[in-house]
Amino acid sequence: MPTFTAPDGTLLAYHASGSGAPLICLPGGPVQDSVYLDGLGGLDAHRTLIRLDLRGTGASAVPEDPSSYRCDRLVEDVEALRTELGLDTLDLLGHSAGANLAALYTARYPERVARLVLLTPGTAAVGLDTTGEERLAAARRPWREEEPWFAEAYAALGELAAGRGSAETFQAIAPFFHGTWDDAARERHAATARQRNGEGAGVYGSEGAFRPEATRAAFAEFGQPVLVVAGEGDANTPVPTATAYAELFPEATLAVLAGGGHFPWHDDAEWLVETVDSFLEWSTPSRSRGTGRVPDHVAAPTNGPR
């Protein structure tokens with residue numbers, strides 16, 4: 001498994017799968033093993049996905065300094081990965097909380113980002129608020145309201161929207177992160193607790209991690225193509241929030257998956273692959289840059305290890 005050394009000496013790992021131009025993928029969680037991204041529903045048939053295991057997750061080492069889990073400090077890990085891969089510029093994808101890291105990297109190194117994909121993004125880095133009613137509206141989807149679990153989960157979401165509730169309440173709203181709350185979704189949700197670094201998650205968004213005004217100002221000057229992907233039924237990043245995020249950029253496309261949740265590659269893999277691949281294939285950076293390459297030691301067969 002390929003490894004490289006972060007600026008502070010922490011040994012980090014990444015996974016390469018697929019074929020084609022590289023796409024750097026930053027996992028959410030926050031601080032969750034990148035394994036859950038897998039091949040993003042088959043996107044690795046079109047791109048070489050480079051999944052970074054954030055420090056303290058997957059095959060990456062636990063750092064000596066726990067404060068280095070803070071999101072703004074992880075930016076240099078991403079930059080070290082770019083250098084390791086020998087890429088002049090990169091196409092960058094951040095999912096959920098990983099979009100906050102992608103945002104901070106883009107704000108700090110705008111000249112290094114050719115295309116940016118924000119997949120059902122977390123918004124702490126840009127300071128966007130989502131109202132309780134927007135979350136409730138996203139949860140109230142026709143395909144859900146007749147489900148036997150709906151009433152209890154919706155009541156729990158109402159408690160959280162009102163600023164009340166507990167860890168148990170938060171667990172009860174899990175169905176509203178998924179387009180379909182079936183056995184496969186339940187298994188993926190259960191795996192999350194095993195894949196997440198709890199200590200790192202507690203530090204990731206801690207005080208000082210984000211400077212929303214500065215990040216928004218950087219985005220207003222960022223002229224490269226941006227794709228924001230939302231799920232119609234995602235109570236974590238409802239469509240109005242995703243719309244507001246896309247509006248922070250001079251050049252951004254918003255794509256909404258009907259019937260989708262927070263993990264759209266599980267709800268409609270074909271749609272997600274076509275949407276992201278088409279964006280990466282046809283969007284053109286606004287100024288000339290090196291296109292980079294996939295180093296020989298990174299390239300992997302389409303159906304190789306993930």
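Trainee: Which residue stands opposite Val228 of strand 7?

Mentor: In this predicted model, strand 6 (residues 113-119) and strand 7 (residues 226-231) run parallel and are joined by 4 bridges. Within this pairing, the residue opposite Val228 is Leu118.

Trainee: What is the order of the strands in the open sheet?

Mentor: The sheet is open and holds 8 strands with mixed pairing. Strand 1 (3-5) and strand 8 (252-257) are its edge strands, each pairing on one side only. From one strand to the next, the twist averages 25°. The order is 1-2-4-3-5-6-7-8.

Trainee: Which residue of strand 5 is the bridge partner of Cys25?

Mentor: Strand 3 pairs in the parallel sense with strand 4 (residues 48-53) over 4 bridges, and there Ile24 has Ile50 as its partner. Strand 3 also pairs in the parallel sense with strand 5 (residues 90-95), over 3 bridges. In strand 5, the bridge partner of Cys25 is Leu93.

Trainee: How many residues of strand 3 are buried?

Mentor: In a regular strand, side chains alternate between the two faces of the sheet. Both faces of strand 3 are covered, with Pro22, Ile24 and Leu26 buried on one side and Leu23 and Cys25 buried on the other. Strand 3 (residues 22-26) is therefore largely enclosed by the rest of the structure, the number of buried residues being 5 of the 5.

Trainee: How are helix 1 and helix 2 oriented to each other?

Mentor: The axes of helix 1 (residues 71-85) and helix 2 (residues 98-108) come within 9 Å and cross at roughly 70°. Residues making the contact include Cys71, Leu74 and Val78 of helix 1 and Leu101, Leu104 and Tyr105 of helix 2. By class, the contact has 7 nonpolar, 1 polar and 5 charged residues. The two helices are therefore roughly perpendicular.

Trainee: At about what angle does helix 11 run to strand 6?

Mentor: Helix 2 lies across strand 3, strand 5 and strand 6, and runs at about 145° to strand 5. Helix 11 (residues 269-282) lies across strand 3, strand 5, strand 6, strand 7 and strand 8. Its angle to strand 6 is about 160°.

Note on methods. Residues are numbered from 1 along each chain as its sequence is written. This is a predicted model: local features need pLDDT of at least 70, side-chain atom pairs count only at pLDDT 80 or more; totals for chains, interfaces and linings use all residues. Side-chain values use heavy atoms; hydrogens and water are left out. Buried means under 20% relative accessible area, exposed over 50%, partly exposed in between (1.4 Å probe, protein chains only). Two strands pair if DSSP finds at least two bridges between them. Axes are lines fitted to C-alpha atoms, for helices over the stretch in contact, and angles run from 0 to 180 degrees between N-to-C directions. Angles under 35 degrees count as roughly parallel, over 145 as roughly antiparallel, 65 to 115 as roughly perpendicular and the rest as oblique. Contact means heavy atoms within 4.5 Å. Ala, Val, Leu, Ile, Met, Phe, Trp, Tyr, Cys and Pro count as nonpolar, Asp, Glu, Lys and Arg as charged, and the others, Gly among them, as polar.
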